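User: I want to learn how to read salt bridges in a model. Can you take me through them?

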Amino acid sequence: MNILDTIVARKKEEVAIARKQLSLAELKDSPYFYLRVPSFKENILTLGSTGIIAEFKRKSPSRGDIHAGARVDLIVPGYEKAGVAGVSILTDRDFFGGNMADLSLGREVCDLPIIRKEFIIDPYQVYEAKSIGASAILLIGAILDENRTLELAQLANELGMEVLFEIHDEDEMNQLNRYVQLVGINNRNLKTFEVDLKKSAQMASLLPSGMVPVAESGIGSPDDYLSLKKAGFKGFLMGEYFMKNEDPAAACLDFCNNIRSKI
């Protein structure tokens, strides 16, 4: 199995365990479940927005440890002060070193929209996302079919969350539906984890009108950001670029100031 297959197999195990530990009724009892959350789409499209979705993650399968021991409460407020449009928080424990408590803490320490970055394959995980304070969920085309994508995206909208749907090739565009607000074009192949920025720009031109394009993975410089912005991207998901630094929030502020001086 490749890394993606391995992760999905683990998610199936996690969902089966979680269902036994916490019912949907108990998830709905969370203080976050009926909380009105800010919108990614609105923040990204606001005039003057950087469009940056700053990610919090401690490690990844491709890089290993990136920032072991990183704390949400010491980093996410700094992202907000830097002027990003939103935050992405990994909740996968085994492969990315995250947990759901990280996202709930993020909801407490900032007013930005927060996306649950997770390998979502089951409606139960959508209810989980709402119960921990997420504004949006990530759905990955490579691990879902058209019917399951529709089911999960519709449920997210019904619960008051937006959807970032991630694609890697033109074929996955067939899974797009009216419940998707943002389309993430991941230039990192999830099977090999190789990065190709040019592929993102090519695919952005093929998106249906009205969908907000988000560039994902491998943005390594202000020039990369500006090139992708010129190609029509409105959102920019950035994680490792910030998190590899001793002070991710300071790195984020420096990056935001840099791009503002060039726009």
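Analyst: We go through the salt bridges and their surroundings. This is a predicted model, where local features need pLDDT of at least 70, side-chain atom pairs count only at pLDDT 80 or more, and totals for chains, interfaces and linings use all residues. Residues are numbered from 1 along each chain as its sequence is written, and side-chain values use heavy atoms, with hydrogens and water left out.

User: How many salt bridges does a search of the whole structure find?

Analyst: A salt bridge is a side-chain nitrogen of Lys or Arg within 4 Å of a carboxyl oxygen of Asp or Glu. The search finds 16.

User: Where do Arg-58 and Asp-102 lie?

Analyst: Their side chains form a salt bridge, 2.7 Å from N to O. The pair links distant parts of the chain, 44 residues apart. Arg-58 is in the loop between strand E1 (52-56) and strand E2 (59-60), Asp-102 in helix H5 (residues 100-109). Helices (H or I, at least four residues) and strands (E, at least two) are DSSP runs, numbered from the N terminus.

User: Are Arg-58 and Asp-102 buried or exposed?

Analyst: Buried means under 20% relative accessible area, exposed over 50%, partly exposed in between (1.4 Å probe, protein chains only). Both Arg-58 and Asp-102 are buried.

User: Which helix holds Arg-148 and Glu-151?

Analyst: Helix H7 (residues 146-158) holds both, three residues apart, about one turn of the helix.
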